[in-house]
Amino acid sequence: MRNRLLGFVFLSLATSFSGYATVELTENISLSGFAATSLTHSNNETELIINRGISDETCLDCDTTVGLQLDYFNESFKASAQLVKRPQDRWDRPELEWAYLGYTIDNVELRAGRLRLPLFLASEYYYVSHAYNYARPPDELYNSILGITAYNGISAVWNLELFDEYQLSVTPFIGFGDNNAIDITPNLDVALDIDSMSGINFLLTGNNYRWNFTYFNADFGQTLEFTNAAPGVPYFEMDFPENNVELYSLGAEYEFDNLLLASEFQFNNIRNSWYASVAYRIDQFVPYIMYGENTAKMTELSAFDGKTGSSSLIGVRYDIKFNISMNLEWQKFHSFGGQRGSFVESPKERDADVYTLMFSFVF
Amino acid sequence: MHPKLCFLKQRTEILHILSNVIVRFFSFILILLSINFASYAADDYAVFTSNPDFKSLSKNKVRMIFKGKVKRLQGKQIELSDWSENNPLRNDFYQILLGKDIAQMNAYWASLSFSGKARPPKVIREDTLQALISWVSAKHSRIGYAKLESLPDNVYVLYIVKKEKQ
């Protein structure tokens, strides 16, 4: 109850800012933010989508997200912090999604601190649903590494202008030790200890398109923590100390007047996934469709090899105001071969229909 | 009067009337043309700066600048300004330059700003040309846009955004 109340106060405060865009505290410091809240319902009792847990109970806080960003700019120097109450966080325990210092020398920006992982097209604004047409980025792809979105480390962004029309950003990055706790089900948590990670991202931007390519490699330890998994077993854990994930992603987004096409793929040593989407803008309305798929590979942890899940989505976005939008969606999820697909664990019933009404805004 | 003189006088008068008609006709055409020119100019926007060193820009470059893709010009960092959300100039400018309305631009800048890729244009809260020009003039790195015809002579126009004829 206290959390709901806190949430309500926070949202009301944020809405009162909505007439403004960014709040300029001084010439060099600005405060901005984003938020989303939804009403969701599924017809399957097994929870769907990691960190969101949509089930057959009507849910008012499965997607609730609020973020505040504080930026300081001074010539070539930049400092930025972003505090986010992610869908999985309690109101009183938001997460520092980034906090970094940046310095620009010519066309290279160096960054150090807590940074966002640049894997896919929308990875770096994953929590800002106002910035993309769907209510949530496609689960198949964006949760392919358990929804981890940030890392501690350094990066360099090299911006290269090609002729007058294209820009290429090359971002190599290195991450150091980090811990992530993921609440999979009420009985299962996963503790991820990342020993080291590195990667490189290429983003080619033209007037009406973006191409994204990433290579990512991480060494990590994984502990599965079971609570009350069986009668008389209050707690036990399974430790998998030395794992490696190697991921390649390729994606593109094209805009032809009012038509927006997007598709992304990722291949890693545990699973592959992809999605494709089409959206068409008609004044303030953007109807869209999307299809996504997951495939598992045989590993020492799982013998299954093949398609594990898919989803089809039809929805519409409506821009209520320039900074407030609404989404109405129907998404059909399937799981295959007794695998979990987009569910958080293997479901008893293999299919689910999810209905979502979401409001998003930025200030 | 001598008949020859009378003829000469008549000829001068006719010439005078003719020249008057011609002058009036051309004046009329000129007025028409100027009205025509004025109506095109009223729809044009100028992207401007107070920096005499910046060279004029191509349409693609201006599009990339206002989409936050280009953050430096001739090796120097730039800062953008914008009109308030309620000012029709803002919607009109982005419609002509990028074919996008203010809501699309807002969503677009949200993706850049909340991923740390670019700083959104500074909104001039006073929403007057004077306030905009004094903000742009305070630093050589600053760039703004306004109706071309409203701009004073002491700013440098980098590009003229013209409305395509329907």
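Helices (H or I, at least four residues) and strands (E, at least two) are taken here as DSSP runs, numbered from the N terminus. The model is a predicted one, in which local features need pLDDT of at least 70 and side-chain atom pairs count only at pLDDT 80 or more, while totals for chains, interfaces and linings use all residues. Residues are numbered from 1 along each chain as its sequence is written, chains are lettered from A and ligands numbered from 1 in the order in which they are written, and side-chain values use heavy atoms, with hydrogens and water left out.

With a relative accessible area of 1%, His130(A) is buried, where buried means under 20% relative accessible area, exposed over 50%, and partly exposed in between (1.4 Å probe, protein chains only). Leaving aside residues up to four places away in sequence, His130(A) touches residues of both chains, including Arg317(A), Phe322(A), Asn323(A), Ser360(A), Asn106(B) and Ala107(B), contact being heavy atoms within 4.5 Å.

Two strands pair if DSSP finds at least two bridges between them. Strand 15 (residues 285–296) and strand 16 (residues 306–321) of chain A run antiparallel and are joined by twelve bridges, with Tyr288(A) standing opposite Gly315(A) of strand 16. Strand 16 also pairs in the antiparallel sense with strand 17 (residues 324–335) of chain A, again over twelve bridges, and here Asp319(A) stands opposite Ser325(A). Strands 16 and 17 of chain A form a hairpin with two residues between them.

Most residues other than glycine have a negative phi.

Where chain A meets chain B, 48 residues of chain A are in contact with 33 residues of chain B. The area buried between the two chains is about 3,300 Å², of which carbon and sulfur atoms give 45%; buried area is the accessible area (1.4 Å probe) that two parts lose on being put together, summed over both. Asp164(A), Asn207(A) and Phe322(A) supply 21% of the area that chain A buries against chain B, more than any other three residues.

Charged pairs also cross this interface. Side chains of opposite charge can pair when their charged atoms come close. Six salt bridges are counted between chain A and chain B, a salt bridge being a side-chain nitrogen of Lys or Arg within 4 Å of a carboxyl oxygen of Asp or Glu. In one of them, Arg281(A) pairs with Asp101(B), the closest N and O atoms being 3.3 Å apart. Glu27(A) and Arg142(B) form a salt bridge at 2.5 Å, N to O, which runs from the loop between strand 1 (23–24) and strand 2 (29–42) of chain A to strand 6 of chain B. Glu27(A) is partly exposed at 41%, whereas Arg142(B) is buried at 3% relative accessibility. Glu124(A) and Lys117(B) form a salt bridge with their closest N and O atoms 2.9 Å apart.

Within chain B, helix 5 (residues 129–138) has the buried residues Ala131(B), Leu132(B), Ile133(B), Trp135(B) and Val136(B), and what covers them includes strand 1 (45–49) and strand 6 (142–147) of chain B. Five of the five residues of strand 1 of chain B are buried: Tyr45(B), Val47(B) and Thr49(B) point one way, and Ala46(B) and Phe48(B) the other. Strand 1 of chain B is joined by five bridges to the antiparallel strand 7 (residues 156–161) of chain B, and five bridges also join strand 1 to strand 6 of chain B, which run antiparallel. Thr49(B) has Tyr156(B) as its bridge partner in strand 7 of chain B and stands opposite Ile143(B) in strand 6 of chain B.
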